[in-house]
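Please keep the sequence and the 3D view at hand while reading.

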Amino acid sequence: MGAEFLKVEGLSKSFAVARGGPPLVVFDEVNFAIEKGEFVCIIGHSGCGKSTILNILAGLDEASGGVVIMDGREVAGPSLDRGVVFQGHALMPWLTARKNVEFAVRSRWPDARRATIDEICDRYLTMVGLAGAADKKPAELSGGMKQRVGIARAFSISPKMLLLDEPFGALDALTRGVIQDELLKICAATGQTVFMITHDVDEAILLADKIMLMSNGPGARIAEIVVNTLPRDRSRHTIHKDPQYYAIRNHLVDFLVSRSKVFTEQPPAGFDPLHPPLVTPGLPAAETRLALGAHR
Amino acid sequence: MQRSGRLAATLLSFVIFALFVAVWHVATLPTGGAPVADSEYSKLVGSAAASGQKSAMPSPKDVALKLWEHVKDPFFVRGTNDQGIGIQIAYSIGRVLLGFSLAALVAIPLGFVIGMSPLLYRAFDPFIQVLKPISPLAWMPLALFTIKDSATSSIFVIFICSLWPMLINTAFGVSAVRREWLNVARTLEVSPLRKAFLVVLPAAAPTIMTGMRISVGIAWLVIVAAEMLVGGTGIGYFVWNEWNNLSISNILCAILLIGLVGMLLDQILARLACAVSYPE
């Protein structure tokens, strides 16, 4: 069992709908853990509360119940320890790409010298392949480039953990593929711990070590955690040739299409929200136990 | 295409202007009517006008000559009631800028605070809604009574009329700053002061500038009326004084200058607004 870097215990979120009426429970009993250096994706239908979970992890939203513990400390409010890549790039349109990154770097290291700040900005803009467009304003950049600046900004503060809220949702398939590859490369190089929301099953299989499946809201739960058993050096070009790929993909799609609906009303026998089952659809049944043993 | 279009528009502008001057010229041609018998009246309005040979309304040529006179020597001072039109305009601009700047100094910080806090926004709203539609000149007696100085009172009137558009726009601009930019600042643990100056201010700047532009326009409208009321100096007083002198030419010159200065003030603020605007 690896050191649990991030621990989420009994997290719930509910809203008061009508005065005096019962509150609407978006999700409850959400428990999971992320190890250092792990890339975790969460998949589920709109309205299941994925974004709310991410915002709670970021400290931007408050949970109705439960705790989030990161690196031995409870998360209470936003922190520079967690970098966020927002769904809409959230760049400030009056600043150039470089100044947007610089704003983050200066926030992280207020006393750093000019040369140091420049060096950090350069490094991360180059990392996302935007060295040439650093002095352009967001309005002059394409959607993909804007999102890259957002990624550079999140990485530039060297956060302990990166939170990505459907970062590539608004991009065309081609651009998305390129940035996915880049993100994969960067994460492999930096050993970054990542929590990411996505709607895209293929994206999850390409990027994630573990894929958390969320049932539909209200009353959403983490139904199961799929371990991605594909080799970690996978790439967009070869991944679909691996026999495991379709097994995992079918499992995910099957969950999204049919099982996620019925799960909330009728959870399978023996389902314990404290320990959502770890599954390895990529492996033949006999190997599953072995693989899980190694994983936990 | 676009260039030739602009050329055509300019040309058309000249044609419209020429037509206007021509109609004006014809309308003010001497009619050769019978002389008026009342000698008191002829003394009062000038013999030419009284005799009916020439309308009291000046012709375009009269106005052009008068204007040239003013432009040639705009800054003379020959006594309290006889000062160059440039000096009068300068008085008015000075008052507008002073009142407007004071209003900006109050409205922008206050609007900032109101915009940041939904509670204050709601608490201040009824007062702003009631005070905003009050004609600034309605404040004049109150100002004269409390300040006891006519020049300062006119500045106060400018202050009060410039205040509301800037206050409302600043509060609105600040309260409408996109949530995601504020969230970026929150996740980066940006201090409140740094957030105010580096995120909220630039984000709200275009809206604030719009408020300033509206304010300066209103201030320039109001100063003429205010100076007519309080007298002494300024272009508004000049207009009223020339009305008493029955010098329509001078009044027309002043009207033209008021328009030009108003346009200039608006253009300056439009430039500033352009400088702080950002494409999304």
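In which helix of chain B does B:Ser150 lie? B:Ser150 belongs to helix α8 of chain B, which covers residues 150-175. The structure is a predicted model, and the account below should be read with that in mind.

**Confidence**

The model as a whole scores ipTM 0.87 and pTM 0.85. In chain B the average pLDDT is 90, and 91% of the residues score at least 70. Within chain B, helix α3 (residues 47-51) has the lowest confidence, with a mean of 55, whereas helix α5 (residues 85-116) has the highest, at 96. Where pLDDT is low, the predicted coordinates should not be read in detail.

**The surroundings of B:Ser150**

B:Ser150 counts as partly exposed because it has 18 C-beta neighbours inside 10 Å. A residue needs 20 or more such neighbours to be called buried, and 12 or fewer to be called exposed. Leaving aside residues up to four places away in sequence, B:Ser150 touches B:Leu144, B:Val230 and B:Gly232. B:Gly262, by contrast, is 112 residues from B:Ser150 in sequence, and the two C-alpha atoms are 23 Å apart in space.

Chain B is divided into domain 1 (2-57) and domain 2 (85-276). The C-alpha centres of these two domains of chain B lie 37 Å apart.

How many residues of chain B are in contact with chain A? There are 15, and they meet 17 residues of chain A. Two helices of chain B, α9 (179-187) and α10 (192-230), each supply at least two residues of the side that touches chain A. The most is given by α9(B), with six residues. By class, this side of chain B has nine nonpolar, two polar and four charged residues.

Just after α9(B), B:Glu189 takes a positive phi of about 50°.

Strands of a sheet pair through backbone hydrogen bonds, either parallel or antiparallel. Strand β8 of chain A (residues 193-197) is mostly covered, with five of its five residues buried. In a regular strand the side chains alternate between the two faces of the sheet. In β8(A), A:Thr193, A:Phe195 and A:Ile197 are on one side and A:Val194 and A:Met196 on the other, and all of them are buried.

β8(A) pairs with strand β3 (residues 39-43) of chain A in the parallel sense, over four bridges. In this pair, A:Phe39 stands opposite A:Val194 of β8(A). β8(A) also runs parallel to strand β7 (residues 161-165) of chain A, to which five bridges join it. Here A:Leu163 has A:Phe195 as its bridge partner in β8(A). Together with helix α5 (residues 173-190) of chain A, the strands β7(A) and β8(A) make a right-handed β-α-β unit.

**Strand β9 of chain A and its partners**

Strand β9 of chain A (residues 210-214) is likewise mostly covered: five of its five residues are buried. A:Lys210, A:Met212 and A:Met214 point one way from β9(A), while A:Ile211 and A:Leu213 point the other way. β9(A) pairs with β3(A) in the parallel sense, and with strand β10 (residues 222-227) of chain A in the antiparallel sense. A:Leu213 takes part in both pairings, as the partner of A:Ile43 and of A:Glu224.

The table lists pairings described in this report, together with one from the sheet that follows.

| Strands | Direction | Bridges |
|---|---|---|
| β3(A) and β8(A) | parallel | four |
| β7(A) and β8(A) | parallel | five |
| β3(A) and β9(A) | parallel | four |
| β9(A) and β10(A) | antiparallel | five |
| β4(A) and β5(A) | antiparallel | two |

**An open antiparallel sheet in chain A**

Four strands of chain A form an open sheet in the order β2-β1-β4-β5, with antiparallel pairing. Which strands are at the edges? They are β2 (24-35) and β5 (73-74) of chain A, each of which pairs on one side only. Between strand β4 (residues 65-70) of chain A and β5(A) there are two bridges. The bridge partner of A:Ile69 in β5(A) is A:Glu74.

Note on methods: Residues are numbered from 1 along each chain as its sequence is written. Chains are lettered from A and ligands numbered from 1 in the order in which they are written. This is a predicted model: local features need pLDDT of at least 70, side-chain atom pairs count only at pLDDT 80 or more; totals for chains, interfaces and linings use all residues. Two residues are in contact if their C-beta atoms, placed from the backbone, lie within 7 Å. Ala, Val, Leu, Ile, Met, Phe, Trp, Tyr, Cys and Pro count as nonpolar, Asp, Glu, Lys and Arg as charged, and the others, Gly among them, as polar. Domain bounds come from an automatic or database domain assignment. Two strands pair if DSSP finds at least two bridges between them. A crossover is right-handed if, with the strands pointing away from the viewer, the path from the first strand over the helix to the second runs clockwise. pLDDT is the predictor's confidence in each residue, from 0 to 100.
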